[in-house]
Structure formats: structure tokens, C-alpha cells
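Me: I want to go through the salt bridges here. Please set each value against its definition.

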Amino acid sequence: MEMLFRYNWQVRQEWFDWCESLSQQELLQQRTGGVGSILYTLYHIIDVEYSWINDLRDQNSLLTDFTDYQTVERLRALSSQLHVEVGAYVKAWTPEQETKILHNVRKDGSTEQLTYGEVMRHVIAHEIHHVGQLSVWAREVGREPVSANLIRRGLQQ
């Protein structure tokens with residue numbers, strides 16, 4: 001599972017690099033599908049990852065509003081800052097955590113029971129899903145998207 005997190009983090013960095021070649025207007029333009037704009041999608045990926053990991057760590061998520069992170073530089077810095085905590089949690093993952101239960105409170109106030117393993121896999125899949133949307137938008141603006149290829153990334157340890 002750690003390899004898939006490292007994959008996501010590597011691809012995310014490549015998307016930040018890719019964004020450097022676009023104007024601020026292009027990065028913030030509202031697009032069809034997804035969660036809105038290219039930059040907001042990257043923010044959303046970071047926010048969701050950090051929020052779920054904090055739920056598993058039984059800690060509050062302290063992210064502010066997207067308006068504080070509307071540049072590639074600020075998003076890259078946020079991702080790096082939060083990566084310290086998220087990365088430490090992922091690295092310390094043990095098989096015993098797999099079936100541990102998270103009592104999640106949904107937006108409507110209802111609760112659900114999720115296993116920690118299920119949440120970890122959701123976080124991985126969530127980022128991959130949104131990277132797919134970024135790839136569609138890249139092609140819409142006439143640019144080659146970041147490769148989603150997992151192999152040849154040197155991730156095997």
C-alpha cells in the first residue's frame with residue numbers, strides 16, 4: 001500500500017511541475033466535470049488525503065480555505081508540509097491496523113463504521129480518480145498530461 005501512496009505523491013509533484021507552464025487564469029478556470037479548476041482539484045486531493053489520515057490518527061484537520069492556496073507554489077508548499085505527517089503515518093502502517101474500525105460521522109450527522117484499510121485504499125483511489133480528470137483537462141488545453149504509468153517510476157523497494 002505504501003508504494004501506491006508514493007506513486008500518488010510522485011505523480012502529484014509531476015502535476016505541480018506541469019502546472020508551471022500554464023497561466024494563473026488557465027489554472028483557476030472553472031472546467032466541466034471534476035471539482036472545478038485544475039488548482040482546486042489539486043487542493044482537493046491534498047485536503048482529502050490529509051483529512052482522512054487525520055481521522056485515522058484521531059486528530060482534527062486544520063486546513064484553511066482554498067483561497068489561501070491559489071498558486072502552484074502555495075499548493076506545492078502545502079503538499080510538502082502535510083506530507084511530513086501523512087508520510088510518517090503511511091510508513092508506520094502495520095497489518096494490525098487493517099481491520100481497526102473508524103467511526104465516521106457523515107455530513108448528514110449519521111455515523112458509519114469503516115475499516116482503516118478501506119479508508120487508506122479510498123485515499124489512494126481518490127487521488128488516482130482526480131488525476132484522471134486532470135488528464136482530460138490537460139488534453140482539452142492542448143497539452144500532454146502527466147503519465148499515469150506506475151511502472152518505470154522506481155517505486156519498488
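**Salt bridges and burial**

Me: What makes Glu-14 and Arg-153 a salt bridge?

Reply: Glu-14 and Arg-153 have their closest N and O atoms 2.8 Å apart. A salt bridge needs a side-chain nitrogen of Lys or Arg within 4 Å of a carboxyl oxygen of Asp or Glu, so the pair counts. It links distant parts of the chain: Glu-14 is in helix H1, Arg-153 in the segment after helix H5 (116-140), 139 residues apart. Helices are DSSP runs (H or I, at least four residues), numbered from the N terminus.

Me: What are these values based on?

Reply: This is a predicted model; local features need pLDDT of at least 70, side-chain atom pairs count only at pLDDT 80 or more, and totals for chains, interfaces and linings use all residues. Residues are numbered from 1 along each chain as its sequence is written, and side-chain values use heavy atoms, with hydrogens and water left out.

Me: Why is Arg-153 called buried?

Reply: Its relative accessible area is 13%. Buried means under 20%, exposed over 50%, partly exposed in between (1.4 Å probe, protein chains only), so Arg-153 is buried.

Me: Why is Glu-14 called partly exposed?

Reply: Glu-14 has a relative accessible area of 28%, so it falls in between.

Me: How do you know that Arg-76 and Asp-17 meet in a salt bridge?

Reply: The N to O distance is 3.0 Å. That is within the limit, so the pair qualifies. Arg-76 lies in helix H4 (residues 72-91) and Asp-17 in helix H1, so parts 59 residues apart in sequence are tied together.

Conventions: Helix = DSSP H or I, 4+ residues; strand = E, 2+ residues; numbered from the N terminus.
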